Amino acid sequence: MADKRTRPRKEAFRLNADRRTEIVDRVKDFRDADMTARTNDIEKRVQRYAKYRMWTEGKDWPWLNSSDAAVPDMMTHSLRMQDTLHNAVMSRRPVIGAKATQEHDREKEEVVDKLIDHQVFVEQDGERIIGDLAEAFINDGHFTAFIPWIRETRETMEVRRFDPIPEELEPREYFFTLMSNNFPELLGLEEISDGWEWRARPKDGEPFRISFFTTPDEQIEMVVRREVQVYDGPRIIVKDIEEVLHPQRVMNLQPPSPSNPHGAPHVILVDNPTVDEIKRLAKSGFYDLISKKDIEALENLTKDDSEGEDRKQATDTIQGGDASPSLESSKAKSHKRLTRLTCFDVFDIDNDGIDEDVIWW
């Protein structure tokens with residue numbers, strides 16, 4: 001018998017349409033229950049925040065021209081404590097010290113320390129993030145930081161103009177010469193369409209496309225389109241209290257287990273991406289279950305303002321801004337914001353009777 005030369009990996013699980021609908025309903029039920037359970041707390045939080053900011057109602061009773069000034073005790077004490085925490089962190093950099101578990105890795109500790117410090121304080125404005133975390137901890141009693149690994153690219157387009165095609169040369173020959181002179185370190189060039197479209201393979205980085213066009217005065221334009229990496233690393237995202245949903249009376253947001261009996265069986269992070277962001281994620285393959293028809297329908301959807309908008313609208317109103325959601329309709333369709341739920345759940349995904357840690361978007 002000949003030896004087996006292939007061994008395809010089996011899919012860990014499959015989700016048919018009915019089960020996907022079941023999961024969507026499950027997450028929405030979680031969201032509705034969590035929002036209902038904390039309705040009173042959110043309303044009281046708006047009042048606490050108004051006192052902290054010393055917002056007044058502008059009343060002139062019980063007598064005419066009576067004072068409506070607020071005493072800034074809450075803000076004074078809060079800002080003093082925020083400054084203490086912020087200075088404690090910023091006075092010691094690098095903040096995090098790596099500890100090697102193996103003796104031969106000890107020389108790498110300093111390198112790791114500097115890497116983390118650069119990722120936090122240089123790549124993503126860590127000084128402001130530390131301030132946001134301190135404010136949430138002092139004013140709300142706790143803070144939530146979501147730290148995903150983000151790999152983001154953007155398409156760039158560069159246009160270069162050259163002399164008209166010489167009469168003694170074919171367009172293909174002329175274009176090949178232009179590309180060779182402007183990109184001398186290319187590993188290879190692949191012709192796509194009649195010499196006017198090319199795919200270039202650089203020594204470093206991803207392949208990119210080169211297109212040629214003629215202008216009314218017969219000059220040649222070389223258009224170079226390539227994907228440029230704008231961010232690749234961990235990103236600290238400070239979540240506001242209205243953007244984090246979980247069951248009541250949990251001690252932390254980690255999954256429950258024998259070592260963590262008071263963990264959260266589910267956590268929902270709420271954010272409001274633009275339609276363009278969702279389209280980009282679908283194009284990259286991150287959202288692999290969304291169809292082209294679904295993507296086109298996104299432009300007609302609107303953001304759900306039923307949760308987390310009380311304090312924001314109160315802030316706009318008291319500061320003299322227009323809190324009307326009708327302004328959303330005047331924006332470009334790709335700029336419209338939607339409501340996205342990212343649910344960290346424990347769910348029996350493979351039907352073995354034991355729940356696994358899963359993430360639903």
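In this predicted model, Gln-119 touches Gln-124 and Pro-234 when residues up to four places away in sequence are not counted, a contact being defined by heavy atoms within 4.5 Å. Gln-119 lies in helix α4 (residues 109-121), where helices (H or I, at least four residues) and strands (E, at least two) are DSSP runs numbered from the N terminus. The residue has a relative accessible area of 14% and is therefore buried, a term that denotes under 20% relative accessible area, with exposed meaning over 50% and partly exposed in between (1.4 Å probe, protein chains only). Residues are numbered from 1 along each chain as its sequence is written, and side-chain values use heavy atoms, with hydrogens and water left out. Because the model is predicted, local features need pLDDT of at least 70 and side-chain atom pairs count only at pLDDT 80 or more, whereas totals for chains, interfaces and linings use all residues.

In helix α6, Tyr-174, Phe-175, Leu-178 and Met-179 are buried. These residues cover an arc of only 130° around the axis, which places them on the same side of α6, the arc being that of the directions from the helix axis to the C-beta atoms. The buried residues of α6 pack against β2 (149-162), β3 (188-193), β4 (197-201), β5 (208-214) and β6 (220-234).

Strand β9 (residues 266-271) is largely enclosed by the rest of the structure, since five of its six residues are buried. β9 pairs in the antiparallel sense with strand β10 (residues 340-347) over six bridges, pairing requiring that DSSP find at least two bridges between two strands, and Asp-345 in β10 is the bridge partner of His-266. Strand β8 (residues 244-245) and β9 are likewise paired in the antiparallel sense, over two bridges, with Leu-245 opposite Ile-268 in β9.
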